[in-house]
Amino acid sequence: MNNPSDTSAWKALLAHSKEFKQHDFRLSELFQGSNNRFDSFSLRHENLLLDYSRNYLNDETKRLLVDLANQRQLPEAIAAMFTGAAINNSEQRAALHVALREPVESSEHSEVIDTLARMEKFVGRVQAGSWTGFSGNRITDIVNIGIGGSALGPALVTDALSGFATGHVKLHFVSNIDPSHITTTLLDLQPESTLFIIASKSFSTLETQQNAVAARRWFLGKDEDKKPTRNHFLAITENSAAATNFGINPENIFPLWDWIGGRYSLWSAIGLPIALAIGMDNFRQLLAGAHAMDRHFKSASLESNMPVMMALITVWYRGFFDCHSSAVVPYSQGLKLLPAYLQQLYMESLGKSVDVSGAAVSIGTGEVLWGGVGSDGQHSYFQLLHQGSDFIPVDFIAFATANLADAEAQHRALLAKCFSQSLALMAGETDPESPHKNIAGNKPSNTLLLNALTPYNLGSLIALFEHKVYVQSVIWNINAFDQWGVELGKRLSRVVFDAFENAGEPSGLDDSTTSLIKQVREWNC
Ligand code: F6P
């Protein structure tokens with residue numbers, strides 16, 4: 001049955017949802033009695049604990065959600081991912097990011113093994129100082145030029161694992177076509193000790209192309225013909241012809257493959273900045289953590305499966321509680337880039353309005369994902385979470401141990417902030433004197449608690465979110481691995497760019513765009 005709302009489980013969930021919409025429903029009352037709710041509504045996998053007890057769920061809900069997953073053939077879909085079936089059906093491609101973290105001894109993908117070996121050799125040469133620039137200097141600064149999946153993952157992981165940095169090089173990330181991004185990044189760098197990584201699966205993304213040209217112009221400076229670029233420009237791409245045409249030495253091109261989506265690619269050579277920052281051993285630990293989550297996803301029963309249960313809770317709220325957004329709030333400064341990374345992972349994967357057959361969907365699909373670090377969020381958007389009019393579930397993320405020495409007491413204060421927010425969202429508080437002070441409560445949340453922020457655990461956490469997204473796409477019968485919606489904007493940006501560049505009156509554009517272009521010209525005169 002292709003339309004999820006036609007399944008008997010969906011119909012049963014619709015009826016069942018009324019139980020949680022009664023005016024006297026109190027989420028906190030689900031904890032009453034001797035049912036020790038936490039044990040029944042939490043899951044553990046290695047160093048991760050998922051506490052999903054503060055949700056609109058009882059045993060019947062769980063049973064019906066698992067029924068829905070089975071009626072949507074989720075076990076078969078999970079198997080299909082791992083066997084390399086064309087689950088990216090609109091492009092007739094596999095989505096085999098799990099192959100990128102398969103251990104060497106069991107991998108069936110020699111190209112992945114070979115690329116990891118090339119990465120290891122390159123990282124070793126940069127760290128040893130045997131990869132030198134044109135003046136014989138060692139490389140001290142690496143500038144990754146890329147956007148979306150060619151930047152967000154490496155930037156997140158490099159930042160989160162800064163405590164594991166080997167210190168050999170400093171990493172910089174340039175993504176925005178706004179020239180101030182690359183200009184300010186290069187301000188304090190020296191051409192002789194800077195290496196650029198042009199990260200672009202297509203090698204045709206306008207932002208990355210423009211920044212790559214700007215980088216080369218900066219590098220060559222005035223004495224263009226005297227500076228060999230060979231050891232200062234690498235490319236990571238599926239389009240090696242375009243990279244060679246740009247002037248990258250073919251030996252400095254690391255491959256990507258069409259069975260790896262951009263937002264699922266940090267485990268590939270796109271992760272080279274990560275390996276350069278934290279070393280290849282730690283990069284392999286990241287891969288191992290993701291692989292551990294892959295094994296869990298592939299083998300655990302549906303109701304014991306962490307990504308499956310997280311996804312089913314989202315499907316429950318999206319489909320039956322008029323939920324249009326959810327927030328991810330890591331109580332960890334190291335994960336401050338996680339919401340931005342997840343925005344692409346969630347919304348570029350699930351922002352679809354036709355199903356895999358091309359028919360319009362009849363149910364709500366991808367939600368708006370937003371968030372930011374805690375505890376800062378408590379001093380900006382938490383007011384809306386506590387007293388706003390919308391139903392917005394929250395995923396809290398925290399680490400049991402501080403990643404700094406002698407910070408345990410303040411780290412416990414951070415954890416107290418995190419746990420108390422989840423409690424306050426659930427419990428609320430009634431003020432009989434003033435309705436302005438009433439806090440409704442009944443706001444659901446998950447808490448993901450990990451023992452420590454390590455490469456292994458971060459790999460498991462990110463893989464958890466990747467598989468959560470895939471499960472939701474299966475339940476909703478949509479393709480999580482294409483992104484046709486971004487193509488029109490790309491094409492129109494070239495049309496408008498040409499209109500700017502052509503001296504005459506802009507033609508063939510709507511009145512708004514034409515007027516905006518003319519105003520820019522007037523103010524630039
Ligand atoms: O946003 C569209 C998109 O194609 C993403 O899917 C991708 O991660 C990003 O642009 C960059 O694409 P590329 O790696 O081909 O430059």
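**Domain layout and ligand site of the predicted model**

In this predicted model, the domain assignment divides the protein into domain 1 (4-18 + 32-83 + 300-401 + 437-476), domain 2 (97-284) and domain 3 (484-523). Between the C-alpha centres of domain 1 and domain 3 there is a distance of 40 Å.

We can turn next to the ligand. The space that the ligand takes up is the largest pocket. Around the ligand stand 14 residues, of which Ser150, Ser200, Ser202, Thr205 and Glu348 come nearest. Sorted by class, this shell is made up of nine polar, three charged and two nonpolar residues.

For Thr205, a polar side-chain atom is found 2.6 Å from a ligand oxygen. Glu348 has a side-chain N or O atom at 2.7 Å from an oxygen atom of the ligand, and for Lys490 the distance from a polar side-chain atom to a ligand oxygen is 3.4 Å. The ligand taken alone exposes 390 Å², and the protein buries 87% of that area.

The peptide bond joining Gly374 and Ser375 is cis, with omega at about 15 degrees.

Methods
Residues numbered from 1 in each chain as written. Predicted model: local features only at pLDDT ≥ 70, side-chain atom pairs only at ≥ 80, totals over all residues. Heavy atoms only, no water. Domains from an automatic or database assignment. Near = heavy atom within 4 Å. Polar contact = N/O pair within 3.5 Å; in protein donor to acceptor, adjacent residues only side chain to side chain. Areas by Shrake-Rupley, 256 points an atom, 1.4 Å probe, with all protein chains shown as cover. 1 Å grid on protein atoms, 1.4 Å probe; cavity = no way out; pocket = protein on both sides within 12 Å on 5 of 7 lines; lining within 4 Å. Sits in = over half its atoms within 2 Å of the grid points. Nonpolar A, V, L, I, M, F, W, Y, C, P; charged D, E, K, R; others polar.
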